[in-house]
Amino acid sequence: MNRGRLVLLACRLTGGFTACVPAVALATSSRTLVVCPLETRSPECQFHGDGGIPDAIDRAMDGDTILLKAGHYAPIRTRDVAYKDITVRAYLAVTRKRLSIVGESGAVLDGRTRLPSTAIVLDHADVTLSNLEITGFRYAVEEDNIYDGHGVFAVNSTAHIDHVKMTRLAKMGRG
């Protein structure tokens with residue numbers, strides 16, 4: 001009797017083709033994507049400025065870490081996430097990904113000066129947030145179908161939150 005060995009595969013459909021690799025190979029392929037304030041010029045910075053964090057999230061793959069260097073980051077563009085009969089307006093939206101967003105000491109998501117929004121929206125995601133300050137997120141209109149002014153809004157998601165300080169939020173979690 002011939003006994004084969006069982007090999008677990010992870011498969012991904014890309015461009016109409018299915019590619020499979022041993023599952024163990026996926027576990028070792030995580031990356032750290034570094035985001036720096038606009039004025040910081042360093043070879044380690046892959047993304048810059050207030051738009052750098054959403055760009056890093058878009059480029060991130062499952063298991064990646066997004067490292068925010070110390071500085072203030074504010075929403076210069078937003079992304080709308082549908083939830084039931086409302087829309088959640090997000091500065092940072094993570095959809096269907098498993099990743100970590102980690103700040104150095106002094107990394108601040110600051111919603112006081114630019115576009116009204118919710119700081120972070122998780123949509124069917126599994127995200128670790130650590131070492132961040134989230135402050136000043138506000139709404140455009142107090143009572144409408146747009147949810148803005150929150151710190152973290154999770155839709156069918158898991159949020160692991162460690163050492164995250166949220167202050168001066170317009171809705172849910174005022175401080």
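Strands β3 and β4 (residues 47-48) run parallel and are joined by two bridges, and within this pairing Cys36 of β3 has His48 as its bridge partner in β4. This is a predicted model, and what follows describes the features computed from it. Strand β3, which spans residues 32-36, is mostly covered, since four of its five residues are buried. Strand β3 is also joined to strand β5 (residues 65-68) by four bridges, and these two strands likewise run parallel; here Thr32 is paired with Thr65 in β5.

| Strand pair | Bridges | Direction |
|---|---|---|
| β3 and β4 (residues 47-48) | two | parallel |
| β3 and β5 (residues 65-68) | four | parallel |
| β6 (residues 71-73) and β10 | three | parallel |
| β10 and β12 (residues 126-135) | three | parallel |

Cys36 takes part in a further link, because a disulfide joins Cys36 to Cys45, with an S to S distance of 1.9 Å, which is within the 2.5 Å cut-off for a disulfide. The structure holds one disulfide. The torsion about the S-S bond of Cys36 and Cys45 is about -80 degrees, and the disulfide is therefore left-handed. Cys36 has a relative accessible area of 0% and so is buried, while Cys45, with a relative accessible area of 9%, is buried as well.

Strand β10 (residues 107-110) is covered on both of its faces, with Ala107 and Leu109 buried on one side and Val108 and Asp110 buried on the other. In a regular strand the side chains alternate between the two faces of the sheet.

In soluble globular proteins, nonpolar side chains tend to be buried together.

The surroundings of Ile66 can be listed in some detail: leaving aside its neighbours within four places in sequence, Ile66 is in contact with Leu33, Val35, Ala56, Ile57, Ala60, Leu99, Ser100, Ile101 and Val102. One of these residues, Ser100, lies in strand β9 (residues 98-103) and counts as buried, because its relative accessibility is 18%. Not counting residues up to four places away in sequence, Ser100 touches Asp64, Thr65, Ile66 and Thr128.

A word on confidence is also needed. The protein averages a pLDDT of 86, and 81% of the residues score at least 70. Over residues 1-9, however, the pLDDT is below 50, and beyond near neighbours in sequence this stretch has seven contacts in the model. The pLDDT is below 50 over residues 23-27 too, a stretch that has five contacts in the model beyond near neighbours in sequence. Where pLDDT is low, the predicted coordinates should not be read in detail.

Technical notes:
Residues are numbered from 1 along each chain as its sequence is written. This is a predicted model: local features need pLDDT of at least 70, side-chain atom pairs count only at pLDDT 80 or more; totals for chains, interfaces and linings use all residues. Side-chain values use heavy atoms; hydrogens and water are left out. Buried means under 20% relative accessible area, exposed over 50%, partly exposed in between (1.4 Å probe, protein chains only). Two strands pair if DSSP finds at least two bridges between them. pLDDT is the predictor's confidence in each residue, from 0 to 100. Contact means heavy atoms within 4.5 Å.
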